[in-house]
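Good morning, everyone, and thank you for making time for this.

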Amino acid sequence: MKSVAVYCGSSAGTNPAFVAQAQALGAALVAQGLTLVYGGGRVGLMGAIADAVLAAGGRVIGVIPGFLDDKELAHKGCTELHVVRTMHERKLLMADRADAFIAMPGGYGTLEELFEVLTWGQLGLHQKPVGLLNVDGYYDQLLLALDRMRDDQLLRAENRAQLLQDASPAGLLAQLAAYRPAQVEKWLNPSTT
């Protein structure tokens with residue numbers, strides 16, 4: 001594992017633990033020699049993690065669509081800043097450049113990015129680890145919803161287990177590094193359709 005994509009809010013939120021953990025994750029990435037891949041913004045939690053990585057001497061790869069760069073939201077201090085045309089191109093480039101994925105607190109965009117990489121893993125399009133940095137219990141209710149999906153047999157246990165989670169950056173990075181993907185047969189076959 002050489003690089004980690006981090007999905008998180010373009011706002012800082014109201015809980016000071018969100019910014020503190022973004023900074024702690026940034027420092028932990030640099031301490032382990034990992035490159036940050038992220039959405040390229042200079043504001044909110046996105047800006048906090050990028051600033052923390054850069055302040056510690058680490059590498060930051062930002063990927064931002066042009067319409068956001070035009071509004072002067074791009075972090076011009078990134079080691080590499082890629083300006084792409086669409087959100088779809090952004091997500092694809094981030095996924096290609098990352099060896100693992102972490103979702104921190106965020107809103108719709110964070111959840112959309114998280115569930116897309118989980119779905120891609122479920123479909124066998126990648127075998128990279130995916131984790132939640134569950135800051136101050138932010139994702140507790142989401143984890144319960146995923147457990148319900150598994151219990152109601154709408155999500156296979158193996159696919160539910162592909163989402164790792166921890167409350168600390170060091171703990172989550174250790175889980176990502178130790179991750180070994182389950183070998184799951186195709187989840188849909190002609191006899192079940």
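I will start with the protein as a whole and then go through a few of its residues.

A word on the source: this is a predicted model, in which local features need pLDDT of at least 70 and side-chain atom pairs count only at pLDDT 80 or more, while totals for chains, interfaces and linings use all residues. Residues are numbered from 1 along each chain as its sequence is written, and side-chain values use heavy atoms, with hydrogens and water left out.

The protein has eight helices and seven strands, where helices (H or I, at least four residues) and strands (E, at least two) are DSSP runs numbered from the N terminus. Its radius of gyration, taken over C-alpha atoms, is 16 Å, which is close to the 16 Å that the globule rule gives for 193 residues, so the protein is as compact as a globular protein of that length; the rule itself is 2.2 Å times the number of residues to the power 0.38. Along the principal axes, the C-alpha atoms fill a box of roughly 55 × 35 × 30 Å. Of the 193 residues, 46% count as buried, and buried here means under 20% relative accessible area, exposed over 50%, and partly exposed in between, with a 1.4 Å probe and protein chains only.

Let us turn to the aromatic rings. How many aromatic pairs does a search of the whole structure find? The search finds three, where rings of Phe, Tyr and Trp (its six-membered ring) pair if their centres lie within 6.5 Å, and planes under 30 degrees apart count as stacked, over 60 as edge-to-face and the rest as tilted. One of them joins Phe 18 and Tyr 138 edge-to-face, at 5.4 Å centre to centre and with 80° between the planes. Because Phe 18 lies in helix α1 (residues 16-31) and Tyr 138 in the loop between β6 (130-133) and α6 (140-151), this pair ties together parts that are 120 residues apart in sequence. Tyr 138 also pairs edge-to-face with Tyr 139, at 4.9 Å centre to centre and 85° between the planes, and Phe 18, Tyr 138 and Tyr 139 form one aromatic cluster.

Next comes His 75, in the loop between α3 (66-69) and β4 (80-84). Is His 75 buried or exposed? With a relative accessible area of 9%, His 75 is buried. Its side chain makes a polar contact with the side chain of Asp 51 at 2.6 Å, a polar contact being a pair of N or O atoms within 3.5 Å; within protein, one must be able to donate a hydrogen and the other to accept it, and residues adjacent in sequence count only if both atoms are side-chain atoms.

Finally, Arg 160 is found in helix α7 (residues 157-160) and counts as buried at 12% relative accessibility. The side chain of Arg 160 makes a polar contact of 2.8 Å with the side chain of Asp 147.
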